[in-house]
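Student: Could we go through this model together, one question at a time? I would like each answer to end on the value or name I ask for.

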Amino acid sequence: MDKIANLALSLKEDMIKDRRYFHSHPETGWFTFFTTAVLAKRLTELGYEVKLGEEVVKSDARLGVGSKEQCQKAIERAKSLLNPDEAKYLECMKDGLTGLTAFIDTKRPGKFSAFRFDIDSVDVTESAEAAHRPCKEGFGSDIAGITHACGHDGHMAMGLALAKLIAKNLDDFNGKFKFIFQTAEEGTRGAVAMEAAGVLDGVEYLLGGHIGFQAETNGGIVCGTNKLLATSKFDVHITGRSAHAAGAPEEGANALLAAAQMALNMHGITRHAKGVTRINVGVLRAGEGRNVIAPNGYLACETRGEDTNLNEFMYKKCMDIVKGVSEIYDVDSKVVMTGGTSGANSDKEVTEIFYEAAKASPFIDDDKIVKELDFGACEDFAHFMRALQDRGAKSGYMMIGTNLKAGHHNSKFDFDEECLVAGVDIYLRAAYKLNGAKK
């Protein structure tokens, strides 16, 4: 094995320990207080300039923030888990301004390269079955209803390891590095607010990735992920008028029927000839009683498109339906955006960097290297990609192979931790390719 492989392998046990620590204490969305504080302390100790709060998140650009009560409960939980040196970072996070960036400068001319790692978990109750490894080995989620069932705990472990290796070997590099630890990836809620705060300013290359998904076995890799779908997440709140269902139905305005009509019409939107489009109404709630004309309705919806224009086509059609049905049923409707991201493709140059790294890595099997693959799903990273590409910078997204015990967002999700070494090895080789000092 070469120097890079040995560096990656040297931190294997540290990465496993970190992954399991974050797995034990998951947090969702904008409420990643504990997670952000731990990361901030660790990265500061490594010599990085860490920024938090309003410096990395534009408050009024956030989507799907949640309630003040939920926020306060998450802060109190974080305080119970943090030591005093970690807890001091909570002061910057206010009402959920979580996530952070970490910057280091070699003081030598070179590229400005960045890496993004997501840090939130999902709203899933982790399996308590004895055969489930996190439960069996004592690192299962410590809270009901939340778990790292997507692999972001592993991403953080890789991010910390990569940051450590770059900082400890800074003489090997030129230019600048930034690490973006992004919250609220789930539901595609975080990238817009972080980008709006300027976290990408000056960045020339942004690299990201994910364990699993289409890279389903140890030693595998997808070097260039394309067709990350654009998406819009929104809620529709419908207000009608209650009335006696038998005695005075004509006095009511039926929000239940309006909600049902909206859902059916949305699913009937004509698909677009220029690419993949999706629509889903995942939740429909309405009404108050059997003999009462329903005065309220609620829909939780999402659209997706192969690119931003196709998603906008679907979203506009949904808005036309909301407006039209509201008029027909004489109800009021309010649409609240809860998330969304752009569509994007990996730059060929970054795909090639990942591909060459994969061929050189002893932790990747040559017969399991996939150079390019269409994703066909959404990832909040796509907003960062699109924003950088629109200004002439480069970005790419890979998938690191791992054996999974269950699919992403499943209560029994778990991955083979060997993939952490492979992931750091690829990222580090990419760092040397982009910023390596010639000696």
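Student: Which side chain forms a polar contact of 3.0 Å with that of threonine 32?

Tutor: This is a predicted model, in which local features need pLDDT of at least 70, side-chain atom pairs count only at pLDDT 80 or more, and totals for chains, interfaces and linings use all residues. Residues are numbered from 1 along each chain as its sequence is written, and side-chain values use heavy atoms, with hydrogens and water left out. A polar contact is a pair of N or O atoms within 3.5 Å, where within protein one must be able to donate a hydrogen and the other to accept it, and residues adjacent in sequence count only if both atoms are side-chain atoms. The partner of threonine 32 at 3.0 Å is threonine 98.

Student: Is threonine 32 buried or exposed?

Tutor: Buried means under 20% relative accessible area, exposed over 50%, and partly exposed in between (1.4 Å probe, protein chains only). Because its relative accessible area is 0%, threonine 32 is buried.

Student: Which residues of the largest nonpolar core touch the most other members?

Tutor: A nonpolar core is a set of buried Ala, Val, Leu, Ile, Met, Phe, Trp, Tyr and Cys residues joined through side-chain atoms within 4.5 Å. The largest one holds 108 residues, and those touching the most other members are Leu43, Phe115, Ile166 and Phe179.

Student: Which helix gives the largest share of this core?

Tutor: Helices (H or I, at least four residues) and strands (E, at least two) are DSSP runs, numbered from the N terminus. With 12 residues, the largest share comes from helix H13 (residues 418-435).

Student: How many residues are in the second, separate core?

Tutor: Among its members are Ala253, Ile269, Met314 and Ile321. The count for this second core is 23 residues.
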